[in-house]
Amino acid sequence: GVHFGKGSGKHARHFLRASNALLSSAACGFVGLATLARLPADEPRRIFVDTAPLIAVAQAIQRIARSLDQWKCSQPVISFSSYGGIDRAPTMGYGDLSLVSASTSGSLADRLIDMGIEETNVVTLFLLKDPLKPPARGKVVCDLTATPRRTFGYRHIESYQPENCPSCARGDVLAELA
């Protein structure tokens with residue numbers, strides 16, 4: 001009887017929360033290392049993260065890249081609070097790196113790319129998307145989506161506009177996520 005209102009404005013019965021996997025320095029370091037492997041060789045100008053827990057991942061990426069002599073300095077890390085704060089974030093563009101914590105549609109990555117961040121510099125850490133829809137733009141570190149050719153993963157999460165939401169139509173309680 002409960003469903004969730006996500007920052008994107010869509011409703012869903014389930015959601016992904018990357019911060020649940022980022023509860024230790026070791027976990028942040030591991031995700032940072034896996035993310036660094038997906039990044040282009042160029043050192044970013046600034047790092048934007050969609051949620052504050054990703055600041056620790058960004059810092060882990062910086063420490064690893066500096067220890068490997070891939071980057072020369074530590075860039076500013078700025079949290080823009082996902083959909084709720086993207087319009088108030090500093091102007092993003094060429095040379096910036098943006099980390100998206102988790103996505104079920106890829107729409108935040110699309111928005112960041114449309115705002116001017118290079119597609120190769122938009123990285124989604126955890127993706128759980130409908131395999132029948134076009135692939136997510138940007139890069140993905142961990143695709144959690146089950147497909148016929150994979151022996152692991154989860155079914156994608158259906159998201160709905162509020163006016164088409166079956167949970168709303170049934171009168172289920174809406175829990176807004178922020």
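## The cavity

The largest cavity has a volume of about 60 Å³. This comes from a predicted model. A search of the whole structure finds 1 cavity of 30 Å³ or more.

Which residues line the largest cavity? They are Leu39, Pro40, Asp42, Pro44, Trp71, Leu97 and Asn121. By type, this lining holds 5 nonpolar residues, 1 polar and 1 charged.

The largest pocket has a volume of about 690 Å³. Its lining counts 30 residues, and the closest to the pocket centre are Gly7, Leu16, Thr51, Ser82 and Ser101. Helix 3 (82–85), strand 5 (97–103) and helix 4 (107–114) are the elements that each give two or more residues to this lining. Strand 5 gives the most, with 4 residues.

## The fold

The chain has 5 helices and 8 strands. Along the sequence they follow the pattern β-β-α-β-α-β-α-β-α-β-β-α-β. The radius of gyration is 17 Å, close to the 16 Å that the globule rule gives for 178 residues, so the chain is as compact as a globular protein of that length. Its C-alpha trace spans about 55 × 40 × 30 Å along the principal axes.

Look next at contacts in the chain with a separation of 6 or more: 67% of them join residues 24 or more positions apart.

Of the chain's 178 residues, 40% count as buried. The accessible surface of the chain comes to about 9,800 Å². Carbon and sulfur atoms hold 54% of that surface.

Definitions and conventions
Residues are numbered from 1 along each chain as its sequence is written. This is a predicted model: local features need pLDDT of at least 70, side-chain atom pairs count only at pLDDT 80 or more; totals for chains, interfaces and linings use all residues. Side-chain values use heavy atoms; hydrogens and water are left out. On a 1 Å grid over the protein atoms alone, a cavity is a set of points where a 1.4 Å probe fits but cannot get out, and a pocket is an open set with protein on both sides within 12 Å along at least five of seven lines; lining residues have an atom within 4 Å of a point. Grid points are joined across faces, edges and corners, and a volume is the space filled by probe spheres set on the points. Ala, Val, Leu, Ile, Met, Phe, Trp, Tyr, Cys and Pro count as nonpolar, Asp, Glu, Lys and Arg as charged, and the others, Gly among them, as polar. The radius of gyration is taken over C-alpha atoms; the globule rule is 2.2 Å times the number of residues to the power 0.38. Buried means under 20% relative accessible area, exposed over 50%, partly exposed in between (1.4 Å probe, protein chains only). Contact means heavy atoms within 4.5 Å. Accessible areas come from the Shrake-Rupley method with a 1.4 Å probe; for residues, only the protein chains shown count as cover.
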